[in-house]
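Please read this briefing alongside the sequence and the model. The notes are grouped by topic, beginning with the overall fold and ending with individual residues.

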Amino acid sequence: MGHIAELTLSTLGERVAASNRDSLDGSQQYVIWESRAIQNDYEVIPCPCALTCWCARHGCQGHYRIKPITFEQFLGRYVQLWAPPNARQILKRAVLDNAKFEGRQRRAVQPLQWLGEHWDMVVAQIRSHTRSGLCDEGVPVITESVTHLYDAKMWSQLYYDGIVPFDTGSRALIKRLGYVDPLNDFTAFNRQLFADLRIFAERHGLSLTELRRLDLPWTLTADIAEPAGGQPLSRLLDKILYSPAKK
Ligand SMILES: [Zn+2]
Ligand SMILES: [Zn+2]
């Protein structure tokens with residue numbers, strides 16, 4: 001059992017709220033683009049799990065799954081979510097046209113080009129994974145190597161309910177808290193976080209709906225609509241460990 005499992009309800013809620021506030025104040029405004037992504041790129045599917053699954057035993061109302069969108073739509077969203085405004089177009093051009101790009105996000109180019117080449121196969125495989133990270137055996141196994149935070153962000157965007165990204169600051173915190181270094185074993189790192197979130201929910205008697213509602217970005221601004229299925233689980237876990245103010 002790790003750090004997240006031991007947080008109080010109010011500490012966890014405050015951390016997530018602070019992450020949202022910092023995001024809204026920052027130049028990248030991640031939290032706005034996150035809302036656009038949830039509204040446009042994902043669907044809530046009915047929970048497919050047996051009653052024995054952890055999610056079903058905790059009031060699961062459905063899981064997020066990426067829609068059959070095009071790679072261009074995914075890429076447009078990737079740059080909105082993970083790159084600052086002045087790098088978005090050039091990063092896109094680097095992925096699509098091999099344009100020269102030396103910015104901080106240059107390590108994103110190669111994994112995104114790989115994804116573009118294999119898009120139909122990858123998205124079909126991802127859509128066939130219908131479980132959430134909180135399900136029994138629900139954390140997807142990423143077989144491609146994750147060698148950089150930009151790989152992790154890509155996989156999280158593909159599995160918004162099942163894979164948690166990290167940044168430089170959150171990775172340092174993750175290691176300090178005793179979790180597996182995500183660059184050593186990205187799947188094991190994700191399993192640890194979701195296992196902890198299950199213990200946290202059990203300790204505080206929370207249903208899955210209540211867990212998702214610990215992340216409430218729509219209470220900050222009218223630019224964010226409350227999503228039908230609550231917040232994706234990767235968002236909740238990411239914000240416990242990451243704030244744009246502490247890069
Ligand atoms: Zn479920
Ligand atoms: Zn389940």
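Predicted model: local features only at pLDDT ≥ 70, side-chain atom pairs only at ≥ 80, totals over all residues.

Residues are numbered from 1 along each chain as its sequence is written, and chains are lettered from A and ligands numbered from 1 in the order in which they are written.

**Overall fold**

- The protein chain has 13 helices and 2 strands, where helices (H or I, at least four residues) and strands (E, at least two) are DSSP runs numbered from the N terminus.
- Its radius of gyration is 17 Å, close to the 18 Å that the globule rule gives for 247 residues, so the chain is as compact as a globular protein of that length; the radius is taken over C-alpha atoms, and the rule is 2.2 Å times the number of residues to the power 0.38.
- The C-alpha trace spans about 50 × 40 × 35 Å along its principal axes.
- Of the 247 residues, 40% are buried, a residue being buried if 20 or more other C-beta atoms lie within 10 Å of its own, exposed if 12 or fewer, and partly exposed in between, with C-beta atoms placed from the backbone.
- Among contacts between residues at least 6 apart in sequence, 67% join residues at least 24 apart; two residues are in contact if their C-beta atoms, placed from the backbone, lie within 7 Å.

- Leaving aside residues up to four places away in sequence, Leu193 touches Ile4, Val164, Tyr179 and Leu237.
- Gly205 follows α11 and has a positive phi, near 65 degrees.

**Helix α3**

- The 12 residues of α3 (residues 30-41) should span 16 Å at 1.5 Å a residue, which agrees with the 15 Å between its end C-alpha atoms.
- Tyr30, Val31, Glu34, Ser35, Ala37 and Ile38 are buried in α3, and they fall within an arc of 160 degrees seen down the helix axis, so they line one face of the helix; the arc is that of the directions from the helix axis to the C-beta atoms.
- Gln39 and Asn40 are exposed on the face of α3 turned away from the buried side.
- The cover over the buried residues of α3 includes α2 (9-25), β1 (42-45), α5 and α13.

- In helix α6 (residues 88-97) the buried residues are Leu91, Ala94 and Val95, which fall within an arc of 95 degrees down the axis and so line one face of the helix.
- Gln89 and Asp97 are exposed on the other side of α6, whereas its buried residues pack against α5 and α7 (109-117).
- Gly76 belongs to helix α5 (residues 71-82) and counts as partly exposed because 15 other C-beta atoms lie within 10 Å.
- Gly76 and Leu91 are 15 residues apart along the chain, and their C-alpha atoms are separated by 9.8 Å.

- Asn98, which follows α6, lies in the loop between α6 and α7 and has a positive phi of about 60 degrees although it is not a glycine.
- Asn98 counts as exposed because it has 10 C-beta neighbours inside 10 Å.
- Glu137, in the loop between α8 (119-128) and α9, also has a positive phi, near 55 degrees, and counts as exposed with 10 C-beta neighbours inside 10 Å.

**Strand residue Val44**

- Val44 is found in strand β1 and is partly exposed, with 17 other C-beta atoms within 10 Å.
- Not counting residues up to four places away in sequence, Val44 touches Gly62, Tyr64, Ala228 and Gly229.
- The C-alpha atoms of Val44 and Ala5 are 26 Å apart in space, and the two residues are 39 residues apart in sequence.

Notes:
Expected span 1.5 Å × (residues − 1).
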